[in-house]
Amino acid sequence: MNFAIRAPQLIAVFVTVTLLGLVTLAATRPDDAAQTAPTTAAGVDNPRNGNMNAGDAGSSRAGEPAYVGRQVCAECHRENFEQHAKHGHAMTFFDVSKTDLANRLAGKVVDGGEGFGSFHYRQGDDGQLFAQLPELAELSELPIEYALGSGHNAQTFLTLREAANADCLGLEHRVSLYPGDRLAITVGHEDKTANSPLERYGSTVYGETLDRCVYCHTTTAQINGNRIDNLVANVNCEKCHGPGSEHVASARQSATPPPYSVGKADWDVESEIQLCGDCHRLPQSLSKSELREYPDNSVRFQPVGLLRSACYLKSGRQLRCSTCHDPHVSTHGVSTAEHIKNCISCHDESIEKHTICPVNASSGCIECHMPAIDQKQGIKFHDHWIRVRDND
Ligand code: HEC
Ligand code: HEC
Ligand code: HEC
Ligand code: HEC
Ligand code: HEC
Ligand code: HEC
Ligand code: HEC
């Protein structure tokens, strides 16, 4: 399985992931990507990430661009690099043994609910973190290998096991980590039952589901047996812009390199929404009934809401994610006042063809028209279906 897919192909990818997955760019051994304490933004900047030389891209066919690592981009695009380092995208996937998680969680105990038992956490000699179910004689502990998510909302643990048919079996742990080092049931696991000792620790994921889980949270990765090879963790520059070796080579020769893969010039509204929607989900990723009923958890999937908003449909489909989000800048650092400016850039009296809010034409737009909707475990997402709501 190979997730080293060029960004321009992403558009086609969500239809034919497996087909493109065959494009084997089996890179040699790029160093494990940034893997440090998830709670410190600076921690994710591991210079070793830049050790992947352009020439290292192993069996990538001659003439095809190879991955160089984001540290190389930093040489010339310092600002984008520093902004990105603070974005959730730079913290989506961690090798737990390279974080301080074992130290932070050792000794904690959490109730997994009826039929599961009490989970205990232990730090191994080499800093590895283990989840334990002491009463479960057949499988009294399981190493925790990976943690997905920045921790802003949550981090969910993943353990890989080799399955009987040499395939990989993933275990998404029943207990996740929430802000403030709070351990509690993973969202979505509330009503699960366990049919095997392994499932007492969580849900098994395999095949396409496991591949996509790793795909959406990493830049490149290959699942081989119970390991991930050629791991470049997190959603880095080259996940969106494509492998950069050719761009870097031409930029080193000329101050005006030719346009690079999917730069500004060729990212139109459609392809940009496809790019973000490849991970943030498009309407195609939801079932017909979810699309019809738009249950509260649909707000997790921002493109789905945006695409049905009058702002998108009636603006000649000019509204895109980057109208309101610089793709390099974390939204957590953007003030509400700046968000309101985006609304007013269209809904302003000076723009005759647009409507003005009869209730409040200058503030409060987000709370009324894009409110944050509660999910389980204290997580909130803003509803990107921008509209006049029943309760307004
Ligand atoms: C390869 C998958 C992927 C792609 C492509 C992607 N995202 Fe994300 N995005 C994620 C993941 C995973 C997170 C969760 C990070 C976390 O755990 O906080 C995220 C989080 C975010 C956040 C919230 C975190 C923050 O710091 O602001 C914003 C905003 C965001 N993405 C916008 C975008 C936009 C805009 C695009 C397209 C230009 C995009 N994303 C493309 C996977 C992706
Ligand atoms: C289709 C792409 C995709 C797949 C598949 C996927 N994720 Fe994510 N994940 C995202 C995006 C995008 C976000 C950011 C949500 C947001 O902030 O809008 C995210 C956020 C998260 C978070 C942060 C907490 C939260 O609920 O927002 C965790 C934890 C997480 N994912 C774990 C996983 C695990 C574990 C798997 C596989 C078993 C998985 N994800 C599969 C795209 C994906
Ligand atoms: C989530 C996807 C995503 C990631 C990750 C990402 N970019 Fe971008 N980048 C974009 C998009 C989309 C645009 C076009 C934005 C626009 O049209 O305004 C862009 C534009 C650019 C531009 C040209 C405009 C500008 O902002 O200067 C540069 C340079 C750039 N990116 C560099 C980088 C570097 C370096 C990194 C990593 C540190 C990175 N990008 C990470 C999506 C991404
Ligand atoms: C040796 C310097 C150098 C390095 C290294 C470099 N770039 Fe650039 N890049 C440039 C120059 C010069 C331009 C053109 C002027 C500009 O837009 O800033 C450019 C332009 C871009 C653009 C604008 C879009 C376009 O069509 O030209 C993007 C996106 C971009 N670079 C991304 C990256 C990414 C991602 C990396 C790392 C893989 C990277 N660059 C590494 C020098 C460099
Ligand atoms: C690209 C321009 C654009 C931006 C940016 C924009 N809108 Fe709109 N919006 C429109 C258009 C076009 C309509 C259709 C009515 C009109 O012509 O004004 C609309 C309609 C609406 C409606 C009425 C929806 C309905 O179902 O009747 C609301 C409410 C709204 N916008 C709120 C917002 C808010 C809040 C923001 C900022 C978060 C925002 N808009 C940003 C273009 C935009
Ligand atoms: C009209 C403006 C607007 C557009 C267009 C827009 N967003 Fe947002 N987005 C917002 C606002 C406002 C927030 C809330 C920011 C905050 O936390 O205060 C937000 C928050 C987010 C978050 C953080 C999680 C959440 O839901 O609160 C993600 C992820 C995100 N947007 C992704 C996207 C993606 C992907 C697209 C394109 C499909 C997109 N947004 C288009 C205004 C917009
Ligand atoms: C206190 C809640 C509230 C706030 C704050 C608010 N709105 Fe509204 N907005 C409403 C309600 C309610 C309506 C429907 C009014 C009606 O139909 O009489 C509306 C209608 C609209 C419409 C449709 C107007 C039409 O004639 O179809 C737009 C566009 C809009 N708002 C944009 C905005 C923008 C932009 C902001 C921020 C500058 C904003 N709203 C702030 C509650 C609010």
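Asp 181 has a positive phi of about 55°, although it is not a glycine. This residue counts as exposed because it has 12 C-beta neighbours inside 10 Å. The scale is as follows: a residue is buried if 20 or more other C-beta atoms, placed from the backbone, lie within 10 Å of its own, exposed if 12 or fewer, and partly exposed in between.

The model is predicted: local features need pLDDT of at least 70, side-chain atom pairs count only at pLDDT 80 or more, and totals for chains, interfaces and linings use all residues. Residues are numbered from 1 along each chain as its sequence is written, while chains are lettered from A and ligands numbered from 1 in the order in which they are written.

Select next Tyr 294, in the loop between helix H10 (288-293) and helix H11 (302-306). Tyr 294 is not a glycine, yet has a positive phi of about 45°. Because it has 16 C-beta neighbours inside 10 Å, Tyr 294 counts as partly exposed.

Proceed to ligand 1. It is surrounded by 23 residues, the closest being Gly 88, Ser 150, Cys 276, Cys 279 and Ser 330; a residue is near a molecule if its C-beta atom, placed from the backbone, lies within 6 Å of it. Helix H9 gives the largest share of this shell, 5 residues. Domain 1 (1-263) and domain 2 (267-382) each contribute at least three residues to the shell around ligand 1; the domain bounds come from an automatic or database domain assignment.

Finally, select Val 96, Leu 129, Tyr 146 and Ala 147, the residues with the most contacts inside the largest nonpolar core, which has 49 residues. Such a core is a set of buried Ala, Val, Leu, Ile, Met, Phe, Trp, Tyr and Cys residues joined through C-beta atoms within 7 Å. Strand E12 (residues 227-233) gives the most to this core, with 4 residues. Domain 1 (1-263) and domain 2 (267-382) both give residues to this core, so it lies between them.

Note on methods: Helix = DSSP H or I, 4+ residues; strand = E, 2+ residues; numbered from the N terminus.
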